Amino acid sequence: MHASGCARLVRDIRACRHCQGLPEGVKPIIQADAGARLLIIGQAPGARADAAGRPFDDPSGDRLRHWLAMDRATFYNPGRVAIMPMGFCFPGRGASGDLPPRPECAPLWHARLLAELPGIRLTLLIGQYAQRAYSPRPFTRLTDCVAHWRELPEDYLPLPHPSPRNQLWLKRNPWFEAELLPELKQRVARALADVSNNPRLE
Ligand code: SF4
């Protein structure tokens with residue numbers, strides 16, 4: 001029941017044409033299946049992911065997979081990993097990088113999609129937009145949110161955006177690679193290995 005509901009919803013999202021004014025056109029990019037254990041909530045597809053039609057099919061994705069210690073086959077298996085950005089379409093470029101995700105997207109789709117993902121064991125909040133919307137602990141800056149990762153419930157982890165543009169942030173915050181990344185790898189492996197029934201279904 002859930003699988004077909006999720007598949008129908010994914011089809012509906014891919015057919016969404018709500019935002020007609022997008023500079024690069026409308027192409028919702030989403031990966032989800034009711035069996036997914038890991039949920040990645042990111043920002044919005046970049047130009048390369050938009051061209052490829054796959055989320056994180058770019059240098060940011062290469063770095064993210066490295067952080068997760070995950071190969072491409074696992075990463076792109078919707079039965080294991082769901083990818084739900086704050087905006088499903090590439091929003092276009094601004095003066096200093098990609099524009100913010102379209103604000104109408106998450107309110108339109110997220111609650112319905114989350115209801116179709118009952119098996120999620122771990123949610124990764126990537127970047128400030130996902131953290132503002134979903135961090136269980138309020139914060140003022142991305143660095144505060146990520147630095148206080150131990151204060152969040154075990155099934156959430158905040159991450160900076162894995163963009164190569166963030167090299168300076170990584171350099172300034174060496175604790176991220178030394179302390180958070182080993183924990184991230186462990187929690188991801190644990191989430192994917194968990195095949196028990198979902199408590200939300202019991
Ligand atoms: S950004 Fe979201 S709401 Fe806008 S067209 Fe794409 S899928 Fe629809």
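Predicted model: local features only at pLDDT ≥ 70, side-chain atom pairs only at ≥ 80, totals over all residues.
Helices and strands are DSSP runs, numbered from the N terminus; a helix has at least four residues and a strand at least two.

**Entry 1. The annotated domain**

I looked up the UniProt record, an unreviewed entry, which places the feature "domain: Uracil-DNA glycosylase-like" at residues 29-185. I then examined that span in the model. Its end C-alpha atoms lie 25 Å apart, and residues 29-185 are 39% helix and 13% strand.

**Entry 2. The cavity and the ligand**

I asked how many cavities of 30 Å³ or more there are. The count comes to one. The largest cavity has a volume of about 100 Å³. I noted 13 lining residues, and those nearest the centre of the cavity are Cys-16, Cys-19, Phe-88, Cys-89 and Cys-105. Helix H5, residues 105-115, supplies the largest share of this lining, three residues. By class, I recorded ten nonpolar, one polar and two charged residues in the lining of the largest cavity.

Next I asked what takes up the space of the largest cavity. It is the ligand. I listed the residues that surround the ligand: Cys-16, His-18, Cys-19, Val-26, Pro-28, Phe-88, Cys-89, Cys-105 and Leu-108. This shell has eight nonpolar residues, one polar residue and no charged residues.

**Entry 3. The largest pocket**

I turned to the largest pocket, which holds about 810 Å³ of space. It is lined by 32 residues, and Gln-43, Asp-98, His-161, Ser-163 and Arg-165 are the closest to its centre. The elements that give two or more residues to this lining are helix H2 (47-52), helix H3 (59-68), strand E4 (97-98) and helix H6 (128-134). Of these, H2 gives the most, with three residues. I recorded the classes of the pocket lining as 16 nonpolar, eleven polar and five charged.

Most residues other than glycine have a negative phi.

Phe-56, which is not a glycine, has a positive phi near 55°. I located Phe-56 in the loop between H2 and H3. Ala-69 is also not a glycine and has a positive phi of about 55°. I found Ala-69 in the loop between H3 and helix H4 (72-75).

I then asked of each residue: is it buried or exposed? Phe-56 counts as buried because its relative accessibility is 12%, and the cut-off for buried is under 20%.

Conventions. Residues numbered from 1 in each chain as written. Heavy atoms only, no water. 1 Å grid on protein atoms, 1.4 Å probe; cavity = no way out; pocket = protein on both sides within 12 Å on 5 of 7 lines; lining within 4 Å. Points joined across faces, edges and corners; volume = space filled by probe spheres on them. Nonpolar A, V, L, I, M, F, W, Y, C, P; charged D, E, K, R; others polar. UniProt positions renumbered as here; feature names shortened; annotations may be inferred. Near = heavy atom within 4 Å. Sits in = over half its atoms within 2 Å of the grid points. Buried < 20%, exposed > 50% of the residue type's maximum accessible area, 1.4 Å probe, protein only.
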